[in-house]
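Hello,

Here is the structure I promised to pass on to you. Have a look at it first, and then read my notes below.

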Amino acid sequence: MSLPSASPEPAGEADDYLDRRRLRRGSAGWLLLTGLGVAYVVSGDYSGWNFGLAEGGFGGLAIAMVLMGAMYTCMVFALAELSSILPTAGGGYGFARRALGPWGGFLTGTAILIEYVLAPAAISIFIGDYVESLGLFGLESGWPVYLVCFVVFIGIHLWGVGEALRFSFVVTGIAVAALVVFALGALPGFDASSLDDIPVDSSAFGANSWLPMGLLGIWAAFPFGMWFFLGVEGVPLAAEETREPARTLPRAIRWSMGILVVLAVVTFVAAAGARGSAAVQDAGNPLVEALQPDGEATTLSRIVNYAGLAGLVASFFSLIYAGSRQLFALSRAGYLPKFLSLTSSRRAPYLGLLVPGAIGFALAAGTGNGARMLNIAVFGATISYALMSLSHIVLRRREPELPRPYRTPGGVLTSSVALVLACAALVATFLVDVTAAFIALAVYGVAVAYFGLYSRKHLVARAPEEEFAALAAAEAELSRER
């Protein structure tokens with residue numbers, strides 16, 4: 001019987017290896033995980049999405065948002081099933097490892113890491129911009145603000161996962177409540193005729209007032225439609241720190257996505273209708289801009305402005321968590337240097353937090369280009385979405401008898417829709433920022449070379465994801481022998 005290549009260790013050494021790489025079990029229930037799923041994304045409601053108006057107009061961005069919402073909805077249903085089968089900290093990497101082998105697992109995990117290292121770096125820059133615009137403590141946006149963000153919020157994560165998730169839940173609650181307040185405050189000024197007020201490019205194919213950049217504008221707006229949902233796929237990364245993960249994770253994933261869909265529609269329509277698409281398409285703070293028709297700050301706009309900072313903090317904080325768990329899982333299994341998965345006495349992967357944090361801070365301080373880093377993050381995300389959706393299809397076809405406490409509605413048809421839309425979104429990243437796409441490809445290439453030349457020969461057989469894969473191979477071999 002031939003099993004996947006991995007480095008065996010004597011039982012005692014293996015037990016010690018895993019004991020030094022153990023997370024705190026049972027720290028989160030479905031409510032905290034639902035909050036985590038919303039926290040990953042909520043900053044996207046406050047900024048970023050509106051730049052899609054400049055790419056496709058109101059109609060183009062609306063269609064892009066619907067299509068990307070469909071992609072995420074289909075994908076999270078597939079992830080809910082996969083997380084009930086394989087409840088490990090590897091999340092998407094673990095799913096792809098079982099379905100697509102070591103190469104598929106590594107490619108998926110690396111794509112997720114690109115997303116979760118670059119996105120917090122970008123958000124730290126946006127936090128600096130908010131701090132400066134609000135005049136907080138007289139600070140200006142720059143490396144001192146970015147450093148404080150990384151130090152303070154990584155410090156909370158080092159304190160413990162339960163404390164970290166509760167902090168994230170509270171901040172996320174503030175940001176979500178403010179979105180509701182914004183929508184109610186924008187309602188009196190809502191004017192449907194202002195939704196399609198962006199000038200029409202008559203040379204674009206299919207252009208009209210709703211699609212001022214033509215049909216191609218819909219495709220170009222895909223990455224911005226994603227910003228309403230980007231990051232929700234990180235919920236399964238909390239699997240090993242969750243109570244009853246096979247039951248809790250699917251419930252939290254579904255609730256997170258439902259809340260995000262409602263927030264996306266309300267925020268998008270209210271902001272564009274209150275002030276006009278043309279007025280908010282280039283704004284760094286579109287919700288505040290929508291509440292200030294004369295450019296004068298109001299009490300409500302100030303409240304939303306502060307809440308926007310809370311939303312950015314919630315997403316920054318949560319994405320750091322997700323990145324550390326993905327790095328932890330890849331390192332524990334030997335795909336990345338093994339020392340990165342060591343945990344502290346409080347069972348926090350301290351190097352998995354500190355190393356990506358240092359990289360993120362260096363990128364933020366060195367470039368100051370948050371938009372480009374987010375585009376690189378989106379590129380990595382779309383690759384991982386395609387591979388995770390493919391993993392669901394493969395496991396349904398290859399292992400139909402695998403126990404599934406939760407089953408995806410629609411089965412492989414649902415994950416096939418997610419796969420097709422993820423591939424379309426990947427191509428769309430080249431339409432928005434080709435430089436960012438090629439930077440992401442270069443990083444990906446370096447990682448692939450490392451895996452091909454070194455780490456694939458040094459995988460850890462006792463890591464949970466590797467054990468799942470070995471068990472599957474053994475069962476398949478036995479069924480053939482019968």
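Leaving aside neighbours within four places in sequence, Ser 391 is in contact with Phe 95, Ala 96, Ala 99 and Leu 100. You can find Ser 391 in helix α15, which covers residues 370-398. Is Ser 391 buried or exposed? Its relative accessibility is 0%, so Ser 391 counts as buried; the cut-off for that word is under 20%.

Please keep in mind that this is a predicted model.

Now for the chain as a whole. How many helices and strands does the chain have? There are 18 helices and zero strands. Of the 482 residues in the chain, 59% are buried. If you take the contacts with a separation of 6 or more, 83% of them are between residues 24 or more positions apart. The chain exposes about 18000 Å², and 67% of that comes from carbon and sulfur atoms.

On the surface, which residues form a nonpolar patch? They are Leu 216, Trp 219, Val 427 and Leu 431, and together they have about 350 Å² of accessible area. Two elements each give two or more residues to this patch: α8 (216-220) and α16 (412-432).

Leu 431 sits in helix α16, and because its relative accessibility is 41%, Leu 431 counts as partly exposed. That label applies between the 20% limit for buried and the 50% limit for exposed.

Enjoy exploring it!

Best wishes

Methods
Residues are numbered from 1 along each chain as its sequence is written. This is a predicted model: local features need pLDDT of at least 70, side-chain atom pairs count only at pLDDT 80 or more; totals for chains, interfaces and linings use all residues. Side-chain values use heavy atoms; hydrogens and water are left out. Helices (H or I, at least four residues) and strands (E, at least two) are DSSP runs, numbered from the N terminus. Buried means under 20% relative accessible area, exposed over 50%, partly exposed in between (1.4 Å probe, protein chains only). Contact means heavy atoms within 4.5 Å. Accessible areas come from the Shrake-Rupley method with a 1.4 Å probe; for residues, only the protein chains shown count as cover. Patches are made of residues with over 30% relative accessible area and no salt bridge: like charges are joined within 9 Å, nonpolar side chains (Val, Leu, Ile, Met, Phe, Trp, Tyr) within 5 Å. A salt bridge is a side-chain nitrogen of Lys or Arg within 4 Å of a carboxyl oxygen of Asp or Glu.
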